[in-house]
Amino acid sequence: MSAKPPQNATSGSGSALVRAWSSLLKPVFVPASVAIVILIAFAAVYGGTAEDAFSTLNEFIANGVGWWYILAATGFVVFAVYCAVTKIGRIRLGRDDEEPEFGLLSWFAMLFSAGMGIGLLFYGVAEPLMHYLTPPEAGQVAGATDAAANQALELTMFHWGLHAWSIYVVVGLGLAYMTFRKGRPLAVRWLLEPLLGRERVEGWIGHTIDTVAIVGTLFGVATSLGFGVQQIMSGLEFLGWIEASNEWILIIVTVITLIATLSVVSGVYKGLKWLSNINMTLATMLALFVAVAGATLFLLQAWVQNLGNYVQALPELMLRTAPFSEDGWAAGWTIFYWGWWISWAPFVGMFIARISRGRTIREFVAGVLLAPTLVSSLWFTIFGDSAILRQRDVGDVAPEGAVNADTALFAYLDTLPLAALTSVVAILVVVFFFVTSSDSGSLVVDILATGGAVETSRITRVYWAVLEGFAAAVLLIVGGGEALTALQTASIATAVPFSIIMVLACFSLLRAFRYDVAQMPTYVRVEQVSSSAGDAGTPAESAAATSGGITLPIAAPPPSSPFPQHGPKRAWRGVRGISATFAGLSTWQPQVPRRDSSGLLVSVRAVPPTDVAIDPETGTVIVSAAPVEDPLGGEVFDTPEFAASHQGAIVAAEQNGDPAAEDK
């Protein structure tokens, strides 16, 4: 009798690969992978001329579509503010009776964490100092002057403030609305369903949208990882531990990508959550140390002034394209930033959407715009103004007026006490950001590649994590002396098509919002007023008396509802569940507050006078307004996301014969 070979390990790995492959949306995964590999291969094959090629491409894109980026980014600010201040702001990102998943303190803490990243460490000292020493021609301010110092922080906050976060608002708001309120899968394509319809979104157009989002996101993450590698290597060299080289680039990328890959394979989400939270704490402690060890009073004064200068300069800066300037400043800074933020929009947008369920659109926009903007203003004031003050008084942060972006942070930390320790802490923060960004970035890309599946295969996530690290290494090595330009160009080029998708998404979401607002009732509670408290009777009796003997209570969720019953709403719910990274978030648990069941609830809607006509003979009131058409066409999905959404609740109520569902 022949012995059978062992099958367990082989069949297990084989079945895992089969499951991973079957979970992927092939029309998205294959084109995205091919496009990414082709772009990386092109950079590698033509490495000998890559420096000139990247510089030429960067100049071509800046001159050709730079105006579009600037116009689109400002348009996103207008879109976000419009959604917040109009009736659209009352729409809840979830069911109408849903409480926010996270308390206000927890939510703000995670929004703060979304504003923290490799970029803040890389540019915290370098960008304000560069603007101070080499201001843009369009600003007509001489370098290394007090006016240049004030302008430097205006420009820095312009790049990291409302415009950046308005870009994230578009994608984050769209994902939260379409997923939590309308029950669609968590994918970018569904942002355009109100404009294109379900059939087109599920066809080749939708596949193309998600493919573009994946390519842009991967190179956006690769750009940040590239900045991180540059800063880690420069920090180690600054400490005298290594000598920068291509070999060290490969070693750093390999080691950190391996750590990120191990976290993906092990599935240690709690460990990753704690790592990200500890990292955010280390970054905060580093900023506090610099603020206390430096000119503390000066920084407090500077922060207040920087906020005022930013508000004052914003109207002028938001549409500045500098067509008469020849210094290329706009291409190297503003246009690069808008392209970088757009390429990061699916990544950050999905994170802020995930933590904002149950918030109103007004709360969402206000929180997402203000919280990270304040964090960025504090960070750049502490590091940027401190470095500018040191450079003005001593001149040792940027000797001979030349700023090295890779070492600027370490050069400034070297002027403070405990320089070696703080430099090591800064390197650790960058390493941790690299790991968490790679892990969460691979998760976001994998969600898009599977058509919106929240639970994805570890195998495919490892694939994306390795590809992100490989792309960063190739861009750094072939970019040579223009490595920074190579990273910037990768972001700008891959973000061009996605910027068009985002503009279309704004118009698409406005169509959906218009229908929601038209269907949004105003509820009025009618209760009997008695002469004394003792005459009021029971709540049920009061309601019955008010409604002429018909008891119409305001009902709490039925026992069959998937939402748990809660006690009275509490303003303080602690900080449990906080995670500074997308991959560290736990599974969402719906929360609905207990509602008072007393009184008669009346639904009223405002009708414009122009839509009302009164028959002079009979006095009959005729409403002539045509009903607003649902741009989503009442589509139904057989998915858990749809069942847990506001639209799913309406469909379930209609199927159960609840007449109140028609008013929602």
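Okay, one cut-off before we start: a residue is buried under 20% relative accessible area, exposed over 50%, and partly exposed in between. So Arg198, at 22%, lands in the partly exposed class. And keep in mind that this is a predicted model.

Another one of them pairs Asp146 with Arg392, at 3.3 Å from N to O. Here helix 7 (residues 146-160) supplies Asp146 and helix 16 (residues 361-393) supplies Arg392, 246 residues apart. Arg392 has 47% relative accessibility, so we call it partly exposed.

Then there's Asp210 with Arg189, where the closest N and O atoms are 2.7 Å apart. Asp210 belongs to helix 11 (residues 204-238), while Arg189 is in the loop between helix 8 (162-181) and helix 9 (193-196), 21 residues away. Buried or exposed, those two? Both Asp210 and Arg189 are buried.

On to the helices. Helix 18, residues 419-449, has 31 residues and runs 44 Å from first C-alpha to last, close to the expected 45 Å. Of those 31 residues, 25 are buried, so the rest of the structure largely encloses this helix.

Helix 14 is the one with a bend. Its 22 residues, 296-317, should span 32 Å at 1.5 Å a residue, and the end C-alpha atoms are 29 Å apart, so that agrees. The bend is about 30°, at Val311, and Pro315 follows within four residues. Buried residues in helix 14 include Leu299, Asn306, Tyr310 and Leu317.

Last stop, the surface. Val607, Val612, Ile614, Val621 and Val623 make a nonpolar patch of about 420 Å². Strand 3 (612-614) and strand 4 (621-623) each give at least two of its residues. And where does Val607 sit? In the loop between strand 2 (600-604) and strand 3. Val607 has 42% relative accessibility, so it counts as partly exposed.

Terms used
Residues are numbered from 1 along each chain as its sequence is written. This is a predicted model: local features need pLDDT of at least 70, side-chain atom pairs count only at pLDDT 80 or more; totals for chains, interfaces and linings use all residues. Side-chain values use heavy atoms; hydrogens and water are left out. The expected span of a helix is 1.5 Å times one less than its number of residues. The bend at a residue is the angle between axes fitted to the seven residues ending there and the seven starting there. Buried means under 20% relative accessible area, exposed over 50%, partly exposed in between (1.4 Å probe, protein chains only). Patches are made of residues with over 30% relative accessible area and no salt bridge: like charges are joined within 9 Å, nonpolar side chains (Val, Leu, Ile, Met, Phe, Trp, Tyr) within 5 Å. Accessible areas come from the Shrake-Rupley method with a 1.4 Å probe; for residues, only the protein chains shown count as cover. A salt bridge is a side-chain nitrogen of Lys or Arg within 4 Å of a carboxyl oxygen of Asp or Glu.
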